[in-house]
Amino acid sequence: MNTSADPGAAAGGKTAAGARTVITIDGPAASGKSSVAQALARQLGFAYVSSGLLYRAATLVAMSAGCDEADERALLALLARRDVVLEPSALGNHVSVGGKDVTAELHTDAVDTRVSTVAKHHGVREWVNERLRELGGSFVIDGRDMGTVVFPDAAAKFYLTADPLIRARRRANERHSDVGAIAAELERRDARDELQSAPAHDATVIDTGGMSLAEVVERVRHDALLALADAAVAG
């Protein structure tokens, strides 16, 4: 498994050698965290890192090999034999397995229905978290537990949420799928992800249900800049 050594520098993030500034945006599926994280990264000149792509890649690897995603030991053994590469940047992320770009295959209904099972495995979470902690430079990262487990000392933390039906409508617009079916699946995923996906005690929680993407991005950007300024003064 490889990751970009310094995504923040590659994206133009202004950091000293060896320094790293991390902003985390957590939340349930389809809460808008990926869109907000990408927009914020572009505005700050940081890299954007999608932690969920690693879980999705692990799920796709299991599906492609006919591996039972509920079998943690078999899945970890499979991942150890696969060269999974995450390439983050301010413009988006690409994932390849064995040299083949599989990014377009990671956001499908089939992966959606299986990824929570994969993500609940402690060993898989550690596999993902170790890869993420290897990243250098400055970046905005979205996920479920980035601010609580992976980067507890992040400079700024956010947790985005919204009613399942609102989130389902957003996803249906993206994939032209049935809203009711998506809403039911999101509720099941929320239940499965409940322990992993919870706001950090020092995160700013934002209900995005009645907000446009631009409004959410502006709110997060405003609060993030304040947090970075406070950190600079304290440092």
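This is a predicted model: local features need pLDDT of at least 70, side-chain atom pairs count only at pLDDT 80 or more; totals for chains, interfaces and linings use all residues.

Arg73 and Ala80 are exposed on one side of helix α4.

**Helix α4**

- Helix α4 spans residues 72-80, and Leu75, Leu78 and Leu79 are buried within it.
- Viewed down the axis of α4, the buried residues fall within an arc of 100°, so they line one face of the helix.
- Arg73 and Ala80 are found on the other side of α4.
- An α-helix has 3.6 residues a turn, so residues three or four places apart point the same way.
- The partners against which the buried residues of α4 pack are α3 (52-65), α5 (109-119) and α6 (122-133).

- Strand β5, residues 92-97, is mostly covered, as five of its six residues are buried.
- Strand β4 (residues 84-89) and β5 run antiparallel and are joined by six bridges.
- Within this pairing, serine 89 stands opposite glycine 92 in β5.
- Strand β6 (residues 100-101) also runs antiparallel to β5, and two bridges join them.
- Here serine 96 stands opposite aspartate 101, which belongs to β6.
- A hairpin is formed by β5 and β6, with two residues between them.
- Glycine 98, in the turn of that hairpin, has a positive phi of about 60°.

**Nonpolar cores**

- In soluble globular proteins, nonpolar side chains tend to be buried together.
- The largest nonpolar core holds 36 residues, of which Val95, Leu132, Phe139, Ile141 and Phe151 touch the most other members.
- Helix α3 gives the most to this core, namely eight residues.
- If residues up to four places away in sequence are not counted, leucine 132 touches Arg20, Val49, Ser51, Leu54, Ile141, Met146, Val150 and Phe151.

**Salt bridges**

- Side chains of opposite charge can pair when their charged atoms come close.
- Nine salt bridges are found in a search of the whole structure.
- One of them joins the side chains of arginine 56 and aspartate 112, at 2.8 Å from N to O.
- Arginine 56 lies in helix α3 and aspartate 112 in helix α5, so this pair ties together parts that are 56 residues apart in sequence.
- Both arginine 56 and aspartate 112 are buried.
- A network of salt bridges links Arg56, Asp112 and Arg171.
- Lysine 100 forms a salt bridge with glutamate 105, and their closest N and O atoms are 3.5 Å apart.
- Arginine 188 counts as partly exposed because its relative accessibility is 44%.
- Glutamate 185, in contrast, is buried, because its relative accessible area is 13%, and buried means under 20%.

How values were computed:
Residues are numbered from 1 along each chain as its sequence is written. Side-chain values use heavy atoms; hydrogens and water are left out. Buried means under 20% relative accessible area, exposed over 50%, partly exposed in between (1.4 Å probe, protein chains only). Helices (H or I, at least four residues) and strands (E, at least two) are DSSP runs, numbered from the N terminus. Two strands pair if DSSP finds at least two bridges between them. The arc is that of the directions from the helix axis to the C-beta atoms. Contact means heavy atoms within 4.5 Å. A nonpolar core is a set of buried Ala, Val, Leu, Ile, Met, Phe, Trp, Tyr and Cys residues joined through side-chain atoms within 4.5 Å. A salt bridge is a side-chain nitrogen of Lys or Arg within 4 Å of a carboxyl oxygen of Asp or Glu.
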